[in-house]
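Please look over the model shown here before reading on. The paragraphs that follow go from the overall arrangement to the strands and then to a few backbone details.

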Amino acid sequence: MKIHPTAIIDPKAELHESVEVGPFCIIEKDVKIGEGTVIESHVKILSGTRIGKFNKLSSGGSYGGLPQDLGFKPETKTYLEIGDHNHLRENVVFHRGTVEGKATVVGNHNYLMGNVHLAHDVVVGDHNIMVQNTMLAGHVVIGNKVFISGSVGVHQFVRVADYAMLAGLTKVVKDVPPYATVDGHPGLIVSLNVVGMKRAGISSDVRLAIKRVYKVIYHSGLNTKQALAELKKDPNPAPEVQKVIEFFESSKRGVVDHRFVSGGSDEE
């Protein structure tokens, strides 16, 4: 184990023998860090944090601090859980959960740039990218392969679905459905995330089917309940289409509205 002599590590912390710890780090008790994880300088990892394998934690990060919730009692046993193969850049701040025995969760293969903040009880899936100064409020849920641009703010309890893209400086106050690109203050759907879908190998036929779904929901003159009923008449929808329908049906906050962009195109 390569530990810089200036690092302070509680003897009750559990680090795999291959973990590397840089200068001036602080690692408290009740911390577990898995194989191959590299921790650069000036990183603070607090009690209740679980970090998986082959992660890279850049300098200045703070992991597992008390939630920024005025009603939280510090003696409540909660956690921060980070999966495998994540690259977490400079000065990120992740807080642990607020519910006894529960955790703020980060999945696998995520790339989070500098100054990203994950508040208490956030859940982040896999293969996501978050650009500088992304801010996720408490209880936000991020799906898989989401791209969040710089200085985006996401309101508490919002869900952002798979393959969504949030443009820079966007304010997100409602749920963001799959495959959508959202921009504005507050955020509105401006197009589909065609680039993301192509990179994911989603065929042109399926992309067109997704586009038709959004046209029915937003531009058919039907309300959301009526539009979903119309879409469910298809006896054999593509799985991607079914994912969109299920997302709208399960939304509790409501889904972001659509903004028409003159001359724009959602496809090709």
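The centres of domain 1 and domain 2, taken over C-alpha atoms, are separated by 36 Å. Domain 1 covers residues 8-142 and domain 2 covers residues 198-250, with bounds that come from an automatic or database domain assignment. The model is a predicted one, in which local features need pLDDT of at least 70 and side-chain atom pairs count only at pLDDT 80 or more, while totals for chains, interfaces and linings use all residues. Residues are numbered from 1 along each chain as its sequence is written, and side-chain values use heavy atoms, with hydrogens and water left out.

A UniProt record, an unreviewed entry, places the feature "domain: UDP N-acetylglucosamine O-acyltransferase C-terminal" at residues 175-256; UniProt positions are given in the numbering used here, feature names are shortened, and such annotations may be inferred rather than shown by experiment. In the model, the span 175-256 is 51% helix and 13% strand, and its end C-alpha atoms lie 6 Å apart.

For the chain as a whole, the C-alpha trace spans about 65 × 40 × 35 Å along its principal axes. Of the 268 residues, 47% count as buried, where buried means under 20% relative accessible area, exposed over 50%, and partly exposed in between, with a 1.4 Å probe and protein chains only. Among contacts (heavy atoms within 4.5 Å) with a separation of 6 or more, 30% come from residues 24 or more positions apart.

The secondary structure comes to 4 helices and 28 strands, which are DSSP runs numbered from the N terminus, with helices (H or I) of at least four residues and strands (E) of at least two. Eleven of the strands form an open sheet with mixed pairing, in the order β1-β4-β7-β10-β13-β16-β19-β22-β25-β27-β28. Because β1 (2-3) and β28 (187-192) stand at the edges with a single partner strand each, one side of each is left without a neighbour in the sheet. Two strands pair if DSSP finds at least two bridges between them, and within this sheet β7 (residues 38-39) runs parallel to β10 (residues 56-57), joined by 2 bridges; the bridge partner of Ile-39 in β10 is Leu-57.

Another set of pairings involves β12 (residues 79-82), which is joined in parallel to β9 (residues 49-51) by 3 bridges, with Thr-49 standing opposite Leu-80. Strand β12 also pairs in the parallel sense with β15 (residues 103-106), over 4 bridges, and there Tyr-79 has Ala-103 as its bridge partner.

Some loop residues deserve a look at their backbone geometry. Asp-121, in the loop between β17 (117-118) and β18 (123-124), has a phi near 65°, a positive value in a residue other than glycine, and its relative accessibility of 10% is why Asp-121 counts as buried. Tyr-163, in the loop between β24 (159-160) and β25 (165-166), likewise has a positive phi near 65°, and Tyr-163 is buried with a relative accessible area of 16%. Finally, the loop between β27 (180-184) and β28 holds Pro-186, which is joined to His-185 by a cis peptide bond with omega about 5°.
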